[in-house]
Amino acid sequence: MLPEERRLPLDGLKVLELGQLIAGPFATKLLGEFGADVIKIEPPGTGDPLRRWRMIEEGTSLWWHVQTRNKRSVSLDLRSEEGQDLVRRLVAEADILVENFRPGTLEGWGLGWDALSAINPGLIMVRISGYGQTGPYRDKPGFGVIGEAMGGLRYLTGHPGQPSVRVGVSIGDSLSALYAVIGALLALQERGRSGKGQVIDIALYESVFAMMESLLPEYDASGESRQPSGSALPGITPSNAYRTCNGDYVLIAGNGDSIFKRLMQVIGRSDLADDPALAHNDGRSQQADRIDNAIEAWTLTRTRDDILSQLDAARVPAGYPYTAADIAHDPHYLAREMIQSLTRPNGKPLKVPGVLPKLSATPGRLGNGGPTLGQHTDEVLDELGIDTDTRDKLRQAGII
């Protein structure tokens, strides 16, 4: 236990994770980083499929050590009556349950909201699915990429006239996880007043759609759908990627009125800086191509470092697309403690992202790498009062 002045915000909170892969486990990861006791239920023998996603080292995904830090792993067959009974016993002591099965799955196991809230009226149940717990699509299978497509994001990514491209990470799942955590914390606040829990219903497509800014009102007012625009952001000018003399790209966001003037002075275009028609964003957006061409005519004669140096001096926001190597060695990342090292079960260190958000008085914890499958099964069942003989029988039957 940390000293009293360094207690974590969610110390004493018990979270039961019935999810797998990304959305549900990402949500519980965040809760665990701030002190919650997260008990992760995994199928015996195989575990969470994420254990075998992307780069594998010694039989375990490196991603696993990011997604599952600060959790306790319990192997348990949820399809068995004995496994379902153990979940009910865990629920009786839990504050939050997080699941991301297809709607109706838990109900088929006798573990739906009505059954579990009867056991624990204060339970907060976070349910993450492709399309939500209601509506005509509720029973359809849905992964993050489908939610990104239905939510409107996928259509906008890419260049005009070319196939859309996906964001290079599972952004739909991650956004849903953030909304799940927000919902859980809001429900905890309400439970503090009423003593009662509730269901948090998160749909992947809705989490993406909520990020789509003015997409819908623009369509409603004009009848026009926003179109893909490559690296530019239509209606906000200038904000684009520009080529350099050696084939690199720089990103320049000169869309603030005063910033635009400074940018134009740097590139030697005082005529554009002083043009009344370009004084504000709405006027600039009508001449976006003219402005972008002027900026790139300047960037094409300079190296990336020269461009960034001049723009930094003029207080114009600029940067370049970071690779993993850029991130790992960047002094600002290091100074902000966003590159940290944890210890895997095999004793080896591994660099991982730091903990967010940053709290001044009660910052989150990094913890160690993800647990081995069933590493904490006996520990958790012992806490439930399950004797050794019963555990042995459950293990022999393949239930744990």
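Two strands are taken to pair if DSSP finds at least two bridges between them, and helices (H or I, at least four residues) and strands (E, at least two) are DSSP runs numbered from the N terminus. This is a predicted model, in which local features need pLDDT of at least 70 and side-chain atom pairs count only at pLDDT 80 or more, while totals for chains, interfaces and linings use all residues. Residues are numbered from 1 along each chain as its sequence is written, and side-chain values use heavy atoms, with hydrogens and water left out.

**The chain as a whole**

- The secondary structure of the chain comprises 19 helices and 13 strands, and its C-alpha atoms fill a box of roughly 85 × 50 × 40 Å along the principal axes.
- Of the 400 residues in the chain, 43% are buried, where buried means under 20% relative accessible area, exposed means over 50%, and partly exposed lies in between (1.4 Å probe, protein chains only).
- When contacts (heavy atoms within 4.5 Å) between residues at least 6 apart in sequence are considered, 66% of them join residues at least 24 apart.
- The chain exposes about 20200 Å², of which carbon and sulfur atoms supply 53%; accessible areas come from the Shrake-Rupley method with a 1.4 Å probe, and for residues only the protein chains shown count as cover.

- Strand β7, which spans residues 124-129, is mostly covered, with six of its six residues buried.
- Strand β6 (residues 96-99) pairs with β7 in the parallel sense over four bridges, and E99 stands opposite R127 in β7.
- Strand β8 (residues 199-203) also runs parallel to β7 and is joined to it by five bridges, with V199 in β8 as the bridge partner of M125.

**The sheet β9-β10-β11**

- Strands β9, β10 and β11 form, in that order, an open sheet of three strands with antiparallel pairing.
- Because β9 and β11 (318-319) stand at the edges, each with a single partner strand, one side of each is left without a neighbour in the sheet.
- Two bridges join β10 to β11 in the antiparallel sense, and A318 in β11 is the bridge partner of I252.
- T244 is found in the loop between β9 and β10, and T244 counts as buried because its relative accessible area is 3%.
- Leaving aside neighbours within four places in sequence, T244 is in contact with Y249, V250, T299, L300, R302, T303, R304 and I307.

**Helix α14 and its surroundings**

- Helix α14 (residues 288-299) has twelve residues and reaches 16 Å from its first C-alpha to its last, close to the 16 Å expected at 1.5 Å a residue; the expected span is 1.5 Å times one less than the number of residues.
- The buried residues of α14 are A288, I291, D292, A294, I295, E296, W298 and T299.
- These buried residues pack against β9 (239-243) and β10 (249-253), and also against the helices α11 (257-266), α12 (270-273), α13 (281-285) and α15 (304-313).

**H280**

- H280 is found in the loop between α12 and α13, and H280 counts as partly exposed because its relative accessibility is 47%.
- H280 and S258 are 22 residues apart in sequence, and their C-alpha atoms are 9.2 Å apart in space.
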